[in-house]
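Look at the model below before reading on.

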Amino acid sequence: MKHTIKELEDIASQIRRDIVRMVHGCQSGHPGASLGCTDFFTALYFEVLNHKTDFTMEGAGEDLFFLSNGHISPVWYSTLAHAGYFDKSELATFRKLDSRLQGHPTTHEHLPGIRIASGSLGQGLSVAIGAALAKKLNGDKSYVFALLGDGELQEGQNWEAAMFAPFNKVDHLIASVDYNGQQIDGPTNKVLALDDLQAKFEAFGWHVINTDGNDMQAIVEGLHYAKTLTGKGKPILNLMSTQMGAGVDFMMGTHKWHGTAPNDEQLAVALAQLPETLGDY
Amino acid sequence: MKKYTYTEKKDTRSGFGAGLHEAGKKNENVVALCADLVGSLKMEAFIKDFPERFTQVGIAEANMIGIAAGMTIGGKIPFTGTFANFSTGRVYDQIRQSVAYSNKNVKICASHAGLTLGEDGATHQILEDIGLMKMLPGMVVINPCDYNQTKAATIAIAEYEGPVYLRFGRPVIPVFTDPDQKFEIGKAWMVNEGTDVTIIATGHMVWKAIEAGEKLAELGIDAEIINIHTIKPLDDEAILKSVKKTGCVVTCEEHNKFGGLGESVARLLTTELPTPQEFVATNDTFGESGTPDQLMSKYGLDAVNIVEAVQKVIGRKK
């Protein structure tokens with residue numbers, strides 16, 4: 001362990017503060033799933049990923065991460081800043097004119113840590129597979145991680161990718177699904193039910209594990225365990241249950257905070273629940 | 001009129017296959033992907049020599065574009081292959097976000113473009129792809145005119161850093177360009193110097209323009225013929241230089257007149273040098289089943305149509 005669980009939880013608390021402040025600062029953006037995935041991002045970047053903050057596009061010899069559900073950019077930006085990819089003061093520019101921190105992540109403004117644009121849903125798993133294939137050709141045994149939204153799995157391209165990866169033994173790939181059961185128009189069970197995702201991915205040939213995405217210990221252990229499963233001919237799918245809005249009580253358990261910014265009063269209530277541990281930007 | 005002859009007819013897609021094989025020999029980072037059309041795209045030679053650098057994705061074009069974009073991150077130069085329709089319209093958003101906006105070094109190689117796919121009909125033909133692709137910021141759009149030029153273009157785009165759309169076709173057509181040509185992206189080729197009219201042609205229409213030029217010579221009309229193989233970036237300089245001399249222009253393409261080469265030329269001329277122009281192109285229509293020759297005739301893409309357009313545009317000169 002590079003950090004204790006308590007240290008990781010403290011980092012996550014700061015990232016959650018950043019998320020609500022960033023979204024409040026521009027009065028737009030997606031706090032719900034950003035908060036839900038904060039523990040995952042913290043565990044990934046501060047504990048699991050072998051990466052350099054001296055960013056190169058190729059990332060030779062490094063683990064790579066791809067975010068398919070690009071709307072949760074606030075959590076990624078804050079994580080990258082605290083990990084050292086760029087100064088945290090830049091978080092104040094989120095979604096504002098001339099910023100590198102676009103509403104959805106992009107390489108267009110050359111923000112360190114971002115390797116491809118995402119936002120239009122359903123494309124990230126294919127990209128991650130491509131990056132993994134290139135690593136294989138290059139003799140690079142590093143891992144490729146991806147995060148997908150659960151609602152995003154309604155996009156057909158995911159299932160093209162899901163079929164491709166096991167058949168082609170893309171087995172250094174660890175894809176996580178943010179399984180929060182919510183999407184813009186309501187619970188996924190009411191919009192278009194995903195049903196038994198584990199059975200679906202297993203039927204496609206994936207090795208599926210389940211983790212609690214809001215329990216730091218569980219997510220760190222889950223991702224380390226996922227690594228031990230690689231190299232055996234199957235891609236790994238981490239079905240990670242999360243609470244949308246995790247860490248801010250009034251944002252939890254509802255799709256209503258998918259893409260809504262808090263007002264001044266709501267911000268104060270949220271920040272009171274999230275200790276400032278690393279210093280606000 | 002300069003004399004052009006040919007000793008054989010070949011398909012431009014075979015030029016692509018040969019060029020891909022060459023590019024693969026030159027650079028080990030060149031990789032190829034295909035969506036279940038290896039034979040149609042003539043990828044066999046590449047696959048035979050570089051099996052580990054070939055990825056069969058099955059009938060899943062969206063996934064193919066995403067995988068190709070991802071492979072560039074590891075320094076690979078992916079060439080994707082499928083029909084033009086499935087290379088563009090079907091995967092437009094994947095190309096837009098994962099390739100063009102992300103500025104990935106993917107070469108989208110599209111066979112069976114235009115009407116000359118023939119009997120399969122309109123579901124498999126596409127007359128909108130140039131427009132779709134030239135609209136994407138940063139996308140290079142190339143439509144070579146014969147086997148040799150397609151081969152040279154394929155080799156050239158491997159050496160160019162950035163997204164490229166390469167469009168070619170199915171039928172065998174005359175091979176009339178230099179087998180040892182150096183292909184320069186964005187550089188027009190002067191097919192024939194003339195003084196009365198500028199004929200600008202791309203793809204399969206270049207040979208038709210040569211045929212038209214011969215007929216025009218018999219009518220006493222001295223046509224300048226320019227091959228624009230790179231529709232984007234357009235060779236503004238070559239076009240303006242020619243039009244200054246001739247004072248009128250006919251554009252020829254196997255594509256809808258909306259969004260094609262002709263509109264690119266019109267945009268240039270209307271801002272720099274307003275000039276009478278006629279369009280030899282399809283007119284806001286889908287194709288249909290038929291032989292390539294029947295279709296080119298029915299949809300107004302023959303040498304005779306170019307001759308008529310030239311006569312009309314010369315009549316419009318002040």
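Two residues are in contact if their C-beta atoms, placed from the backbone, lie within 7 Å. Among contacts in chain A between residues at least 6 apart in sequence, those that join residues at least 24 apart make up 76%. This is a predicted model, in which local features need pLDDT of at least 70 and side-chain atom pairs count only at pLDDT 80 or more, while totals for chains, interfaces and linings use all residues. Residues are numbered from 1 along each chain as its sequence is written, and chains are lettered from A and ligands numbered from 1 in the order in which they are written.

Chain A holds 10 helices and 7 strands. Helices (H or I, at least four residues) and strands (E, at least two) are DSSP runs, numbered from the N terminus. The radius of gyration, taken over C-alpha atoms, is compared here with a globule rule of 2.2 Å times the number of residues to the power 0.38. For chain A the radius is 17 Å, close to the 19 Å that the rule gives for 281 residues, so chain A is as compact as a globular protein of that length. The C-alpha trace of chain A spans about 50 × 45 × 35 Å along its principal axes. A residue is buried if 20 or more other C-beta atoms lie within 10 Å of its own, exposed if 12 or fewer, and partly exposed in between, with C-beta atoms placed from the backbone. Of the 281 residues in chain A, 52% are buried.

Next comes the sheet of chain A. Two strands pair if DSSP finds at least two bridges between them. In chain A, 5 strands form an open sheet with parallel pairing, in the order 1-2-3-7-6. Strand 1 (64-67) and strand 6 (207-212) of chain A stand at the edges with a single partner strand each, so one side of each has no neighbour in the sheet. From one strand to the next the twist averages 20°; axes are lines fitted to C-alpha atoms, for helices over the stretch in contact, and angles run from 0 to 180 degrees between N-to-C directions. Inside the sheet, strand 3 (residues 173-179) and strand 7 (residues 236-241) of chain A run parallel and are joined by 6 bridges. A:Ala175 stands opposite A:Leu237 in strand 7 of chain A. Helix 5 (residues 124-137) of chain A packs on this sheet and touches strand 1, strand 2 (144-149) and strand 3 of chain A.

Chain B also has an open sheet of 5 strands, with the order 9-11-10-13-14 and mixed pairing. Its edges are strand 9 (189-192) and strand 14 (277-282) of chain B. Strand 9 of chain B runs antiparallel to strand 11 (residues 223-227) of chain B, and 3 bridges join them. B:Met190 stands opposite B:Ile226 in strand 11 of chain B.

Where do the chains meet? In total, 26 residues of chain A are in contact with 23 residues of chain B. Helix 5 and helix 6 (157-167) of chain A each supply at least two residues of the side of chain A that touches chain B. The largest share of that side, 10 residues, comes from helix 5 of chain A.
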